[in-house]
Amino acid sequence: MRAARAAVGPEFPVAVKLNSDDFRKGGFSLDESVNVVRWLNEEGIDLLEVSGGTYEQPRLLGYSGDADTASDGPAMRESTRKREAYFLDYAQTIR
């Protein structure tokens, strides 16, 4: 963040894409990401894009990372769609 800001100056917006949770045991958690957001705010970030999951397990799309869902994936249930709607719970927490 500091290097990017130094390179572009104070008038140019700096954005970060942050994983809210990688959904892995022992992985990056919501609490850890909230701490990172605090640090980014202290540095004067202009925009934060919230993401989640991993390339092997893109939870937003309903994939579980196994061979059966690696290409097409299952149909997403409405409850999943509501729960993971742009990581709304995470966004509300960091706000």
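Is Glu49 buried, exposed or partly exposed, and at what relative accessibility? Glu49 counts as partly exposed, at 42% relative accessibility. Buried means under 20% relative accessible area, exposed over 50%, and partly exposed in between (1.4 Å probe, protein chains only).

1. **Basis.** This is a predicted model: local features need pLDDT of at least 70, side-chain atom pairs count only at pLDDT 80 or more, and totals for chains, interfaces and linings use all residues. Residues are numbered from 1 along each chain as its sequence is written, and side-chain values use heavy atoms, with hydrogens and water left out.

2. **Layout.** The protein chain has four helices and two strands. Their order from the N terminus is α-β-α-β-α-α. Helices (H or I, at least four residues) and strands (E, at least two) are DSSP runs, numbered from the N terminus.

3. **Surface and contacts.** The protein chain has 95 residues, and 25% of them are buried. Take the contacts with a separation of 6 or more: 64% of them join residues 24 or more positions apart. Contact means heavy atoms within 4.5 Å.

4. **Core.** The largest nonpolar core has seven residues: Leu18, Val36, Val37, Leu40, Ile45, Phe87 and Tyr90. Helix H2 (residues 30–43) gives the largest share, three residues. A nonpolar core is a set of buried Ala, Val, Leu, Ile, Met, Phe, Trp, Tyr and Cys residues joined through side-chain atoms within 4.5 Å. Look at Leu40 in particular. Neighbours within four places in sequence aside, Leu40 contacts Met1, Val16, Ile45 and Leu48.

5. **Salt bridges.** The structure holds three. A salt bridge is a side-chain nitrogen of Lys or Arg within 4 Å of a carboxyl oxygen of Asp or Glu. Side chains of opposite charge can pair when their charged atoms come close.

6. **Arg2 and Glu43.** These two form a salt bridge, with the closest N and O atoms 2.7 Å apart. Arg2 lies in helix H1 and Glu43 in helix H2, so the pair ties together parts 41 residues apart in sequence. Arg2 is exposed, with a relative accessible area of 62%. Glu43 is partly exposed at 31% relative accessibility.

7. **Arg5 and Asp46.** Arg5 sits in helix H1 (residues 2–8). Its salt bridge partner is Asp46, and the closest N and O atoms are 2.7 Å apart. The pair links distant parts of the chain, 41 residues apart, with Asp46 in the loop between H2 and S2. Arg5 is buried, at a relative accessible area of 17%. Asp46 is partly exposed, at 46%. Residues up to four places away in sequence aside, Arg5 touches Pro10, Phe12, Val14, Gly44 and Asp46.

8. **Lys17 and Glu49.** Back to the opening residue. Glu49 is in strand S2 (residues 47–51). The side chains of Glu49 and Lys17 meet in a salt bridge (3.9 Å, N to O). Lys17 lies in strand S1 (residues 15–19), so this pair too links distant parts of the chain, 32 residues apart. Lys17 counts as exposed at 57% relative accessibility. Glu49 touches Val16, Lys17 and Leu18, not counting residues up to four places away in sequence. The C-alpha atoms of Glu49 and Ala15 are separated by 7.4 Å, and these residues are 34 apart along the chain.
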